[in-house]
Amino acid sequence: MAAPVMEPDVRGQRYTVMGLARTGEAAARFLADHGARVTVTDQRPEADLANILSRLPAGVARAVGGHPAALFEETEGVVVSPGVRRDHPLLARAAAAGVPVLSEIELAFRFCRTPVIGVTGTNGKTTTAGLIQTLLEAAGLRAPAAGNIGAPFIAVLAEDAPPDFIVVEVSSFQLEWVETFRPHIAVITNITPDHLDRHQDLEEYVGWKRRIFTAQRAEDHLVLNADDERVRAFAGEATSQVRFFSRREPVTNGACLEEGRLVQRDGDASENVLERDALLLHGVHNVENALAAIAVSALCGVPAGSMGSA
C-alpha cells in the first residue's frame, strides 16, 4: 500500500549526510546500519557537535567545521538537512555532477513498507498529526508520529515491529527534495504566506506544498481543507481520491461541522462523531484540525464512536 517496489541496496555505496541535526544523525545511523559508507558534514566545529558525533557508529567518517566540496561530487547521494537552503552552492555542485540530493523523508520512504499518512500545511499540522495518531491508537492501531513531530521518519523504520501506519508531519523544506515520497493518505491543513525568507515567493511555497501529493496514485487519498481556497484548488490536480474537511459547509466525502456536531460523511452515509461543545481543544482552528483527523481516521477504518471517545 503506497510503498516502493524494491528496497534499495546501499551496501558499499558512499553517502554524504549534510547537516547534523536530528534528521542528519538518524539518516547517518540508518545508512551505516545498512552497510553504506557514510560521511557526515556540518559547518559547526567538532566541539559543538561532540554529543552527536559520539552517538554515531564507529565507521561513519566526519568532516566538520565546513563542507569539503569533494564530498558532493564523489558520492552516490547527498542526504540534506531541512535547515540547509536549496540554493546552497554545494548542492548545485552535486546536481551538476549528477549526484542525487535527497531529504531524509525521501530516503526513508524508499525503505518504508508501512502505509504513510503525510501531513503538511502552514498551520495546524503538528496538532493534526498528533490527533490522527491519537485516534488511530485509540482504535488499537499502532501509528507512531514522525517527522517534525516525534522521531525522524527514518528512525521509526529501525524499530523491530512495523506499525500499522506512520504519521509523518512534513514541512515545505523537507518537500524540496522529494521524488518518490508518496503518502497513502496526504493531508494539507491550510496555506498562508510563510517562510518567504527562504522561498522566492508564495507561488514557490505553494509549489513545494503540492509535492506531498504529486507522486500519489489512484488508490491513494488526498484530504484537503475545503475552506482554504489555495488548498481546495489542489483537488483539480490530484490523481488520487480527494476528500474534504470543512467547518463552514457540508461535504460529500470527508468530515464537516453540521448543526454543532463534527460529522464523518461517506456519500449518503453520515455519522456523528462528537458534539462541537465537547471538543476539548479550543478555537475554530482546532475544529478544522479535528475534522482533518476524523477524515483521515475514517479512511483507516476507525469507527465514528471510537473517534468521539478518543
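A salt bridge is a side-chain nitrogen of Lys or Arg within 4 Å of a carboxyl oxygen of Asp or Glu. The model discussed here is predicted.

Me: Which residue meets Asp42 in a salt bridge?
Reply: Look for a side-chain nitrogen of Lys or Arg within 4 Å of a carboxyl oxygen. For Asp42 the N to O distance is 3.0 Å. Asp42 is buried, with a relative accessible area of 6%. Its partner is partly exposed at 35%, and that partner is Arg44.

Me: How many residues apart are Arg55 and Glu25?
Reply: Arg55 and Glu25 form a salt bridge, with the closest N and O atoms 2.8 Å apart. Arg55 sits in helix H2 and Glu25 in helix H1. The pair links distant parts of the chain, and the separation is 30 residues.

Me: Is Glu25 buried or exposed?
Reply: Buried means under 20% relative accessible area. Arg55, its salt-bridge partner, is partly exposed at 41%. Glu25 has a relative accessible area of 13%, so Glu25 counts as buried.

Me: Which residue is linked with Glu25 and Arg55 in a network of salt bridges?
Reply: Glu25 and Arg55 already form a salt bridge. A further residue is linked with them in a network.

Me: What span does helix H1 reach from its first C-alpha to its last?
Reply: H1 covers residues 22–33, which is 12 residues. At 1.5 Å a residue, the expected span is 16 Å. The model comes close to that, with 17 Å.

Me: Where is Lys209, and is this residue buried or exposed?
Reply: Lys209 lies in helix H8, residues 202–210. Beyond its neighbours within four places in sequence, Lys209 has contacts including Thr120, Val170, Leu175 and Ile191. Its relative accessible area is 1%, and under 20% means buried. So the place is helix H8, and the state is buried.

Me: In which loop is Glu259, a residue with a positive phi?
Reply: Glu259 has a phi of about 50°, although it is not a glycine. At 72% relative accessibility, Glu259 counts as exposed. Its loop runs between strand S12 (253–258) and strand S13 (261–266).

Me: How many of the residues lining the largest cavity are charged?
Reply: The largest cavity holds about 50 Å³ of space. Its lining has 11 residues, with Val80, Ser81, Pro82, Ser103 and Gln174 nearest the centre. The lining divides into 5 nonpolar, 3 polar and, for the charged residues, 3.

Notes. Residues numbered from 1 in each chain as written. Predicted model: local features only at pLDDT ≥ 70, side-chain atom pairs only at ≥ 80, totals over all residues. Heavy atoms only, no water. Helix = DSSP H or I, 4+ residues; strand = E, 2+ residues; numbered from the N terminus. Expected span 1.5 Å × (residues − 1). Buried < 20%, exposed > 50% of the residue type's maximum accessible area, 1.4 Å probe, protein only. 1 Å grid on protein atoms, 1.4 Å probe; cavity = no way out; pocket = protein on both sides within 12 Å on 5 of 7 lines; lining within 4 Å. Points joined across faces, edges and corners; volume = space filled by probe spheres on them. Nonpolar A, V, L, I, M, F, W, Y, C, P; charged D, E, K, R; others polar. Contact = heavy atoms within 4.5 Å.
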